[in-house]
Amino acid sequence: MTDLPAGTDDPHSTDGPAVPAVLAPVGGWRTATVAGIDHPTAHGVRLRLDVPDRVDHLPGQHYVLRLTAPDGYTATRSYSIASAPSDPLLELFVEVLPDGEVSGFLDEVVEPGDELEVRGPIGGWFVWTGERQAVAIGAGSGVVPLVSMLRHARDVGRTDALTLVTGARTLADLPYADEFRAAGAHLVLSREDHDGRPAGRLAAADLAGLLTGAERGFVCGSAGFAETASVLLADLGMDVQQIRVERFGPTS
Amino acid sequence: MAITRGFTGRRRTDPRLPPGQYDVGRDFPVLTAEVTPRINLDRWTMTVDGLVANPITWTWNEIRSLTPSTYRGDIHCVTTWSKLDTWFGGVSVDELFAASGVLPTATHVLATSTTGYTTNLPLDDIRGGKAWLVWTHEDKPLPTEHGGPIRLLVPHLYFWKSAKWITRLTLLDHDERGFWERNGYHDHGDPWTEERYSGD
Ligand SMILES: Cc1cc2nc3c(=O)[nH]c(=O)nc-3n(C[C@H](O)[C@H](O)[C@H](O)COP(=O)(O)OP(=O)(O)OC[C@H]3O[C@@H](n4cnc5c(N)ncnc54)[C@H](O)[C@@H]3O)c2cc1C
């Protein structure tokens, strides 16, 4: 178990967004070595990285990954951390996008033993350290930071404090589906019936009864999903100041 | 900088792109840490206060009656996307400052949104034709998820400095870090020198 700074989750202002009292440390650029790489879903690649002098992260934080071509051209992208702070390796899960420059490279080219430049952890806002009762809703690659939260909840014996709602098109598309199912996460599949829930997008009915006692909401996914889920939480009565949102990816 | 084995890169840089940025084309990504607020324009106000001769509060109608001013050019987000040759319409921050009378002791500005989001800027980065309050994007009303009805626009810095849902600019004689700046991001945020994270 890694020690986390105390009070990170505690807001110190009452009239603005709750800004964590303790800042997440940001490490410098590190050369990580790929310890493992696999393809758990049809469009997903999981990387296990050995990061020298790694700075402990908080569940929900992300890293940036920088690729450099021989002519000096670089591509930098952000990736949420899937691993728990206690994990000796850093785990990322990347959804492979059509014509994605970085996700395509990670999918097609990277092998164990390769070196990748990374920097992190980053972000002190979208974090859950186990102190508060929370509902976390993610879809697609937006479930990645929820994996870190879940693993951390298990480490500190706080799985009862975390309610998870995870979405994807089908069960086969959901990253970490087995781990989420074993943890009792509520699965929302838009194109497949599941456990008596008919196929369909996230709706108020999916969240009914899940918000009792929840002090904070976390929402992560594409811009469209994040908008829907955060508005649902607010409409169901959650204090908007307690809803923390992470949006990935382009929208027009 | 270490070369990544097997990486050649699919996209090549346009000279308008700062280092490490890529062109999103027609997209306009949304990156916000909060719930998109619903703003009632009848009640929305814009205030300039702090180290000014006259603190002033404008209503929505009042702000829209100021001299129109347009920005046309590029914007850059710290998450590495840039949007080239886009345009926004509104009013220059210089006009608000002229009306309020910035005191000589002022050195910094803290921008505050209706959601409580804050961001800090050195005064010289927000005056002299460098910053606007905008309510149109490419001739259409600025969408809520992009900070509408009205946001700050400081296009020469990373876009988190362009506070969405702006409601207040406070002139200070010291630097006071805002939301992202307290959460690991750089105090200043110049895309051309890649001032992304604190410590850069
Ligand atoms: C805080 C944060 C955390 C994130 N965490 C994760 C995570 O855990 N997992 C994850 O998978 N993603 C995550 N993302 C998203 C990630 O950073 C990348 O945006 C994503 O991997 C796509 O990068 P790419 O290089 O593969 O695709 P890009 O090459 O950037 O392309 C993205 C899409 O846009 C299109 N596109 C881009 N440029 C052009 C162009 N010039 N012309 C035409 N089309 C274009 C591509 O076709 C593609 O479909 C996160 C983002 C943020 C901000």
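Are B:Y158 and B:W160 buried or exposed? Both of them are buried. Keep in mind as you look around that this is a predicted model.

Let's stay with the aromatic rings for a moment. A search through the whole structure turns up 18 aromatic pairs over all chains. One of them joins B:Y158 and B:W160, and this pair is stacked, with 5.9 Å from centre to centre and 15° between the planes. These two residues also belong to one aromatic cluster, together with B:Y117, B:F179, B:W180, B:Y185, B:Y197 and, from chain A, A:W125.

In chain A, the charged end of A:R66 sits over the ring of A:W29, 3.9 Å from its centre. Another arginine, A:R77, has its charged end over the ring of B:Y22, 4.3 Å from the centre of that ring.

Now step back and take in chain A. You'll find five helices and eleven strands there. The chain has 252 residues, and 58% of them count as buried. If you take contacts between residues at least 6 apart in sequence, 66% of these join residues at least 24 apart.

One last stop is A:S141, which you can find in the loop between β7 (134-139) and α2 (144-155) of chain A. Why does this serine count as buried? Because its relative accessible area is 17%, and the cut-off for buried is under 20%. Leaving aside residues up to four places away in sequence, A:S141 touches A:E95 and A:F248.

Key: Residues numbered from 1 in each chain as written. Chains lettered and ligands numbered in written order. Predicted model: local features only at pLDDT ≥ 70, side-chain atom pairs only at ≥ 80, totals over all residues. Heavy atoms only, no water. Phe/Tyr/Trp six-rings, centres within 6.5 Å; stacked < 30°, edge-to-face > 60°. Buried < 20%, exposed > 50% of the residue type's maximum accessible area, 1.4 Å probe, protein only. Lys NZ or Arg CZ within 6 Å of the ring centre and 35° of its normal. Helix = DSSP H or I, 4+ residues; strand = E, 2+ residues; numbered from the N terminus. Contact = heavy atoms within 4.5 Å.
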